[in-house]
Amino acid sequence: MSVKKISILIAILFTVAIQSQTKLYKAERERISNLVHTKLVVGFDIPKSELHGEAWVTLTPHFSPISKVSLDAKGMTLHSVTINNRKAAYNYYQGKELIIELDRSYKKGEEFTVYIKYTAHPNDYAKINNGEKGLYFIDPIDTDPNKPIQIWSESEPENGSIWFPTIDSPNQKSTQEIYITVPDNFITLSNGTLVSEKQNLDGTRTDYWKQNQKHAPYLFFIGAGEFSIVEDSWNGKPVNYYVEKEYESVAKAIFGKTPEMLQFYEDLLGVPYPWDKYSQIVVQDYVSGAMENTTAVTHGTAAYQELGALIDENTHENTISHEVFHHWFGNMATAESWSNLPMNEAFANYGEYLWLEHAYGKEVADAHAFHNKEIYFKGVNESKDLIRFYHENSNDMFDNVSYEKGGLILHMLRNYLGDEIFFAGLKKYLIDNKYKAVEAHHLRLAMETVSGKDLNWFFNQWFFGNGHPKLQVISIYDDFNNIVEIKIFQGVNIFEFPLTIDVYEKGGQKSSHQVWINKKEQSFSFNVNSEPKLIDVGAKKILLAEILQNKTLEHYIYQYNHADAYEARKEALERIAKNQDDKNAFKSMEKAMNDKSPKLQIFALENLDLVNKYSKTVAVKIVEQLAKKSDNTLVQAAANITLAKLVDPAYIPHFISLLDSKSYKVIESGVIALYQMDRVMALQKVDALPEAVKDHLSGIVTGFYIDQQDEKYMTYISKHLVRGLYFVQDEKTKNKYMWAFQWISKSDNKEAIENVVASLVNSGIQYKKYGADVASMNFLRQMVAMQKDANHADEEELVLAIRTGIAQLRN
């Protein structure tokens with residue numbers, strides 16, 4: 001062995017050793033015992049944020065005989081533990097692992113049931129475990145008049161064991177039944193079917209929910225509160241929407257495509273929806289976007305939208321489809337470990353694409369895929385394998401690689417295999433693994449069986465590898481032999497993949513060539529009739545890659561006008577928009593305002609250069625037509641804002657008329673346009689808008705009102721101030737909001753102070769994992785100091801209100 005090879009080996013071993021010290025190998029959890037059935041009886045001490053429970057957990061040995069069993073039970077007070085109705089000896093290790101001595105040795109195939117009576121303390125557990133609760137009590141002592149009392153669980157990744165004893169691992173599956181006792185005015189929701197409701201003498205009610213199909217513990221759910229149930233159905237199964245009373249009338253407008261989604265996915269996959277219902281509930285202070293709890297999906301309040309917003313677009317529709325698709329991928333066939341999380345989340349992400357393709361066409365779906373590419377490329381993701389056995393903790397897996405990159409990889413696999421084989425492979429994968437735990441190789445084997453192809457090369461580089469192809473392209477035209485030579489160079493990591501190269505010649509004639517890339521440097525030659533107008537490498541835009549190709553502005557203009565793929569047109573427009581002094585570039589921008597993609601129409605409108613407007617009358621006419629007559633309200637709104645840049649008083653009556661629109665986006669464009677033309681008039685019109693509309697437009701109205709520095713706007717500003725403190729990136733705007741924060745903090749406006757305190761507390765709780773709790777605490781302490789310095793009559797009362805917020809945040 002050479003010295004060089006020894007040095008390399010030492011370096012590799014050292015690297016692996018360091019990696020293993022910082023990120024441990026995360027294998028599938030060993031299965032010593034298997035869950036069979038879980039029965040829970042739960043009630044709540046709401047003011048104390050506690051759950052009082054009884055659990056009957058039925059298990060069986062996985063293979064070898066066992067005389068003890070270990071359950072996850074985090075931060076609980078244990079009152080009684082029995083095995084088959086006999087008192088059991090147990091060890092409660094570090095308040096997290098309950099090790100129970102069984103009454104005898106049990107062999108594979110034998111079942112036994114352990115009973116645990118316990119109290120769960122999710123808030124206490126969270127204080128010493130990075131905020132992990134598992135069960136959330138919202139406004140438990142009823143201090144916030146604007147927020148209902150609610151209880152809801154969030155068991156993923158392994159937080160179910162904070163509220164019920166279980167083997168808290170995704171490779172476990174259990175049937176379940178849950179009895180939930182709540183105040184009689186509360187509605188409950190859980191997995192499965194509501195079997196019965198029993199009125200109790202103490203003014204409470206016990207609801208009995210049962211699910212006969214097995215699923216993983218992280219999918220167990222309980223929710224309770226004052227909800228309206230908006231009923232829907234599909235194929236004889238309940239499809240219900242649990243919302244607060246004020247959103248009852250729009251629930252179907254928000255969630256109403258759910259039955260169609262269920263039918264579409266069932267037809268596409270050829271695998272029947274296996275569960276007995278599909279309910280969705282919207283909860284306050286939710287810690288994520290949504291969660292696919294089996295048959296009882298949770299959504300945060302971002303799902304709530306009014307009709308004026310839904311006219312423009314349902315911004316939550318992708319999330320709704322994502323969670324529906326999970327009921328096949330994740331709930332029915334479940335990742336065996338968090339290292340294999342993309343077997344759940346990559347599929348759910350790709351489910352969004354499939355729904356958009358079905359409901360709105362390939363153009364819309366491809367725009368969504370392009371957005372996912374942008375998200376992935378902007379992240380720090382290159383060193384991460386898709387299936388990642390080395391990671392700090394399970395929460396690290398919930399990222400742009402598991403979701404966006406994973407979905408794009410599935411799209412590449414579909415493109416390589418073809419639709420018929422791809423979807424037949426998915427059907428086999430689901431049928432073979434129904435109610436089972438899976439890893440990536442299960443998918444590979446299913447696809448290989450159906451296709452007859454070896455797919456190790458694909459899975460090794462895309463599922464078990466990291467990064468993506470980085471290509472440099474050089475094209476050389478030989479005018480003597482009428483040949484174009486295309487050289488493709490890969491970066492350090494060599495990938496293998498099919499690639500489409502489109503060569504465009506005079507008159508828009510296109511020849512499409514399929515090539516195979518598998519080396520660091522490859523060259524391809526094609527016969528042509530004349531010098532190509534454009535060579536588009538990766539023309540389908542399905543490959544997840546960075547492609548560096550030396551294109552001129554003329555090439556990009558030709559690409560926009562001749563290439564069909566959304567990404568090709570978007571890429572071209574981005575370069576064209578920066579070169580509008582060129583006559584042909586500007587004509588392309590004019591054309592793009594009527595592109596088949598509303599997203600590209602909006603891009604063109606937002607970036608249109610109308611300097612020297614008198615020489616651009618054709619463009620102005622197009623903008624005017626879109627501002628008046630576009631059937632897409634988002635395009636219409638963008639056109640109105642572009643029109644306002646002309647600062648022509650002749651448009652003022654049109655802008656005023658926009659305020660009567662049913663579309664919030666169109667109203668917003670009218671407000672922005674008027675504010676640019678006549679601020680006094682704009683403020684008068686904004687003041688006259690209904691409060692609900694003004695609240696929806698808070699992103700712009702708050703800024704306008706802050707500019708006035710008028711105390712009559714202070715209460716409105718206070719309701720929407722925190723968004724500017726936390727989420728605005730622009731430094732100038734941030735400083736404006738900081739000024740408003742100080743202005744309100746020094747005032748004696750009790751309502752405004754209370755609004756800011758409530759917003760800071762809510763944001764601190766909801767976005768705790770991003771450090772918002774620390775930031776909110778700092779803001780509240782600043783408020784106390786500024787109130788004391790202000791030295792006004794209500795100082796003590798207002799300081800007390802702020803300190804109450806501090807106490808809420810601490811707890």
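Visitor: How do you know which parts of the model to rely on, and how are residues numbered?

Guide: This is a predicted model, in which local features need pLDDT of at least 70 and side-chain atom pairs count only at pLDDT 80 or more, while totals for chains, interfaces and linings use all residues. Residues are numbered from 1 along each chain as its sequence is written, and side-chain values use heavy atoms, with hydrogens and water left out.

Visitor: Why is Asn640 called buried?

Guide: Buried means under 20% relative accessible area, exposed over 50%, and partly exposed in between, for a 1.4 Å probe and protein chains only. Asn640 has a relative accessible area of 0%, and is therefore buried. Asn640 belongs to helix H18, residues 633–644; helices (H or I, at least four residues) and strands (E, at least two) are DSSP runs numbered from the N terminus. Beyond its neighbours within four places in sequence, Asn640 is in contact (heavy atoms within 4.5 Å) with Ala627, His654, Phe655, Leu658, Ser669 and Ala673.

Visitor: What makes a space a cavity and not a pocket?

Guide: On a 1 Å grid over the protein atoms alone, a cavity is a set of points where a 1.4 Å probe fits but cannot get out, whereas a pocket is an open set with protein on both sides within 12 Å along at least five of seven lines; lining residues have an atom within 4 Å of a point. Grid points are joined across faces, edges and corners, and a volume is the space filled by probe spheres set on the points. The structure holds 2 cavities of 30 Å³ or more. The largest has about 110 Å³ of space, and H8 gives the largest share of its lining, 4 residues. The second largest cavity has a volume of about 50 Å³. The second largest pocket has a volume of about 870 Å³, and of its 35 lining residues the closest to its centre are Lys373, Lys541, Ala545, Ile547 and Glu567.

Visitor: What joins strand E25 to E26?

Guide: Two strands pair if DSSP finds at least two bridges between them. E25 (residues 470–478) and E26 are joined by 8 bridges and run antiparallel, with Val473 having Ile488 as its bridge partner in E26. E26 is also joined to strand E29 (residues 521–527) by 7 bridges, again antiparallel.

Visitor: Why is the pair of Trp462 and Phe495 called tilted?

Guide: Rings of Phe, Tyr and Trp (its six-membered ring) pair if their centres lie within 6.5 Å; planes under 30 degrees apart count as stacked, over 60 as edge-to-face and the rest as tilted. The centres of Trp462 and Phe495 are 5.3 Å apart and their planes lie at 40°, so the pair is tilted. Trp462 lies in helix H12 and Phe495 in the loop between E26 and E27, 33 residues apart. Both Trp462 and Phe495 are buried.
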